[in-house]
Amino acid sequence: DVVMLADREGIKSYEAGFIIVEFLDKYSKFDKVNVSFIDPDKNPDIVKDLNKSGTLNPVENEIIVRSGDKVKKITLYDIFQQDYYGPVMFMGEQAVTGAIKYVTSETTPTVYFVDAHSTKKLESEYNYLKKNLEYNNYEVKKLDLTRQEKVPEDTSILFFAPPTQDLSAEERDRVIDYLKGGGNAIFLFDPSNSDEKLDNFDKVLNEYSMALNYDKIKENNVQAHVANRPYHIIPQVMETDITNEQDLSQFAVIMPESRSIRSLINDKEPLTVTPLLSTSSDAVGEPFGGGATEKNQGPVDVALVAEYVSA
């Protein structure tokens, strides 16, 4: 059931309401989706029924998606989103389809976000990413590794925001234990002009034949950076298991202020390390932080994928 808590004809007089009604009507064409509009003021008992758990607190102009005992609420802020001062974006399809996936799925994978070592936080810089993950039936939670004896058992992906300080030895070991048990992780690293090296992060990466470079990428090929901004690079998206079903000509990735990462000699079969994003041969990794003094001449990798592949 997809229930809009509003009078159908009443909200159609507003532009935003008209858009929502026209959009929800498209879901009515699916046999297994029942779309209805209910005025909460005239039908308080139905609203109480939708809020059996007592945690949703649905109000007028919100959408409730329900299947069996699983319920998901969608607000107008979920449907019409604005990133900082950018244009308002209609995210209705992502919101409603994501909610349908959530209430009809037997399991909900969990992404744990680790930002204790970063100035970039889940609630601010990564809120848009959080919403998109939730739309695709992921649950997103924060994790403080200093307070956990191990990574939680229900972790599907461990996501690290760009650190400004290193992991402790205890955190490092917890991450390595999780990954050796078949876990998945995403690590983001920004350039940092600090003299401190991220030795414990590097030890985690070394387990997968990767290592950080202490540099900042300057792209000297004018076709591979934003106009007049050589540090806002447009890397080449490489063919990997992640991208092999996509038309790569339809994608453009922009990475402002990036550092490179390198592959080490790999003698850990069946481990594979594959470039995901790479610069042009004209790019240069300028020494930046960590006591680095040597340039890294392009092409260099700014994203790698490492995985153990079973025979």
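**View 1. Arg66 is partly exposed, with a relative accessible area of 22%.** Partly exposed falls between two cut-offs: buried is under 20% relative accessible area and exposed is over 50% (1.4 Å probe, protein chains only). This is a predicted model, in which local features need pLDDT of at least 70, side-chain atom pairs count only at pLDDT 80 or more, and totals for chains, interfaces and linings use all residues. Residues are numbered from 1 along each chain as its sequence is written, and side-chain values use heavy atoms, without hydrogens or water. Asp1 is also partly exposed, at 37% relative accessibility. The side chains of Asp1 and Arg66 form a salt bridge, with N and O 3.7 Å apart. In a salt bridge, a side-chain nitrogen of Lys or Arg lies within 4 Å of a carboxyl oxygen of Asp or Glu. Arg66 sits in strand β3 (residues 63–67) and Asp1 in the segment before β1 (2–4), so the pair ties together parts that are 65 residues apart in sequence. Helices (H or I, at least four residues) and strands (E, at least two) are DSSP runs, numbered from the N terminus.

**View 2. Arg8 and Asp25 join their side chains in a salt bridge.** The N to O distance is 2.9 Å. Arg8 belongs to helix α1 (residues 8–11) and Asp25 to helix α2 (residues 15–27), so this bridge ties together parts that are 17 residues apart in sequence. How accessible is Arg8? Arg8 is partly exposed, at 27% relative accessibility. Asp25 is partly exposed too, with a relative accessible area of 24%.

**View 3. Arg147 meets Asp144 in a salt bridge.** Their closest N and O atoms are 3.5 Å apart. Is Arg147 buried or exposed? Arg147 counts as exposed, at 71% relative accessibility. Asp144 is partly exposed, with a relative accessible area of 26%. Elsewhere, salt bridges that share partners link Asp1, Asp49 and Arg66 into one network. The whole structure holds 16 salt bridges.

**View 4. Phe18, Ile19 and Phe90 make a nonpolar surface patch.** Its area is about 240 Å². Ile19 is part of helix α2. Ile19 is partly exposed, with a relative accessible area of 33%. Patch residues have over 30% relative accessible area and no salt bridge; like charges are joined within 9 Å, and nonpolar side chains (Val, Leu, Ile, Met, Phe, Trp, Tyr) within 5 Å. Accessible areas come from the Shrake-Rupley method with a 1.4 Å probe, and for residues only the protein chains shown count as cover.

**View 5. Three strands form an open antiparallel sheet in the order β15-β18-β21.** The edge strands are β15 (236–237) and β21 (301–308), each pairing on one side only. Two strands pair if DSSP finds at least two bridges between them. How many bridges join β18 (residues 271–278) to β21? There are 7, in the antiparallel sense. Thr274 stands opposite Val305 in β21. Ser278 faces Asp301 in that strand β21. β15 and β18 pair over 2 bridges, also antiparallel. Here Val237 stands opposite Leu277 in β18. Strands of a sheet pair through backbone hydrogen bonds, either parallel or antiparallel.

**View 6. Thr240 lies in the loop between β15 and β16 (255–256).** Thr240 is buried, at 8% relative accessibility. Which residues does Thr240 contact, leaving aside neighbours within four places in sequence? They are Thr274, Pro275 and Leu276. Contact means heavy atoms within 4.5 Å.

**View 7. Ile234 occupies the loop between β14 (229–233) and β15.** Ile234 is partly exposed, at 29% relative accessibility. Leaving aside neighbours within four places in sequence, Ile234 contacts Ala224, His225, Val226, Val253 and Ile254. Ile234 and Leu277 are 43 residues apart in sequence, and their C-alpha atoms are 9.2 Å apart in space.

**View 8. Helix α8 (residues 199–206) has buried residues.** They are Asn200, Phe201, Asp202, Val204 and Leu205. What covers these buried residues of α8? The cover includes the strands β9 (155–160), β10 (185–187), β11 (210–212) and β17 (261–263), together with α7 (169–180).
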